[in-house]
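Visitor: I am new to this structure. Please pick one part, look at it closely, and then link it to its surroundings.

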Amino acid sequence: MKIGFIGAGNMATAIIGGLIGAGTPASDICVFDMDKEKLDAFSKRGVCIAENSCELTEKSDIVVLAVKPQNYSEVLKEISPFATCDKTIVSIAAGITIEFVRNGLKIKCPVARVMPNTPLLVGKGATALCFSDNVSDDARKVVGGMFSCSGVVAEFTEDKMDAIISVNGSSPAYFYLFAKAMADYALSVGIDSERVMELICAAMEGSAKMLRESGDDPDTLIKKVSSKGGTTIEALNVFYKNEFENTIKDAMSACTKRAAELASEA
């Protein structure tokens with residue numbers, strides 16, 4: 001299948017890099033973007049370049065809309081004459097529903113709604129996706145493979161897609177903020193922030209591995225780190241006093257609410 005990307009930003013770059021790295025011929029990939037420098041970079045890798053989004057849609061079996069949610073209406077209107085039920089449209093923008101894509105194209109075409117995250121850039125992505133009921137088995141395999149070659153993929157029903165953004169799409173920023181706060185504290189007590197960031201990253205990676213492989217749930221793992229009267233429990237008590245868990249839940253709820261609002265602004 002020919003895979004086309006409208007938009008050549010970081011996410012498209014990550015997906016295309018994963019595809020090529022997994023053995024997809026660059027000639028089977030097509031890209032269009034308003035930024036000619038980005039297109040030149042892809043051209044040098046053997047990727048086909050389209051003159052405009054309409055040409056790309058006409059030539060592609062799978063069309064990935066790698067543009068901001070606010071630009072979706074414009075792009076869908078533009079490519080509508082070239083969209084058919086033989087083509088699968090892939091939305092990777094927060095809040096953009098299958099129905100929104102179909103209404104914009106004025107056709108009940110196959111649609112995949114996908115929520116990836118930026119760690120795709122380093123082959124450690126976490127992608128949530130769902131499909132309309134008329135996406136073919138072949139297209140499902142290709143779309144799933146586009147993201148599984150750069151990380152973990154999980155399929156959900158569409159009614160969960162707004163909420164899942166807060167779990168995987170936006171969550172890297174939560175971890176970065178936590179890491180920044182730890183590094184800032186270390187700097188405030190005279191510890192070199194660059195050296196301590198290595199420890200922070202290793203602790204985060206190790207903790208993730210424990211969550212994945214130990215067989216213990218988070219509460220059990222917390223208890224294994226915390227000794228009565230020890231240092232860790234003192235830190236945790238401050239988190240509990242300041243309702244850290246509720247703060248995280250409130251933040252995720254705000255993320256989900258914003259996702260639902262984005263389609264109305266597109």
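Guide: Start with exposure: a residue is buried under 20% relative accessible area, exposed over 50%, and partly exposed in between (1.4 Å probe, protein chains only). The model is predicted, so local features need pLDDT of at least 70 and side-chain atom pairs pLDDT 80 or more, while totals for chains, interfaces and linings use all residues. Numbering runs from 1 along each chain as its sequence is written, and side-chain values use heavy atoms, without hydrogens or water.

Our part is helix 6, residues 137–148. Helices (H or I, at least four residues) and strands (E, at least two) are DSSP runs, numbered from the N terminus. Helix 6 has 12 residues and spans 16 Å between its first and last C-alpha, close to the expected 16 Å. That expectation is 1.5 Å times one less than the number of residues.

Which residues of helix 6 are buried? They are Ala139, Val143, Gly144, Met146 and Phe147. They sit on the same side of helix 6 because their arc around the axis is only 150°. The arc is taken from the directions between the helix axis and the C-beta atoms. Asp137 and Lys141 are exposed on the other side.

Now follow the buried side inward. A nonpolar core joins buried Ala, Val, Leu, Ile, Met, Phe, Trp, Tyr and Cys residues through side-chain atoms within 4.5 Å. The largest core has 32 residues, with Leu65 and Leu105 making the most contacts inside it. Among the elements giving it two or more residues are strand 4 (62–65), helix 5 (98–105) and helix 12 (244–265). Leucine 65 is in contact (heavy atoms within 4.5 Å) with residues including Ile6, Tyr72, Leu76 and Val90, leaving aside neighbours within four places in sequence. A second, separate core of 30 residues includes Ala14, Leu39, Val90 and Ala139. Ala139 is also one of the buried residues of helix 6.

Rings of Phe, Tyr and Trp (its six-membered ring) pair when their centres lie within 6.5 Å; planes under 30 degrees apart are stacked, over 60 edge-to-face, the rest tilted. The whole structure has 3 aromatic pairs. Phenylalanine 178 and phenylalanine 239 are tilted, with centres 6.2 Å apart and planes at 40°. This pair links helix 8 and helix 11, 61 residues apart. Phenylalanine 178 and phenylalanine 244 are edge-to-face, with centres 6.1 Å apart and planes at 70°. Here helix 8 meets helix 12, across 66 residues of sequence. Phe178, Phe239 and Phe244 form one aromatic cluster.
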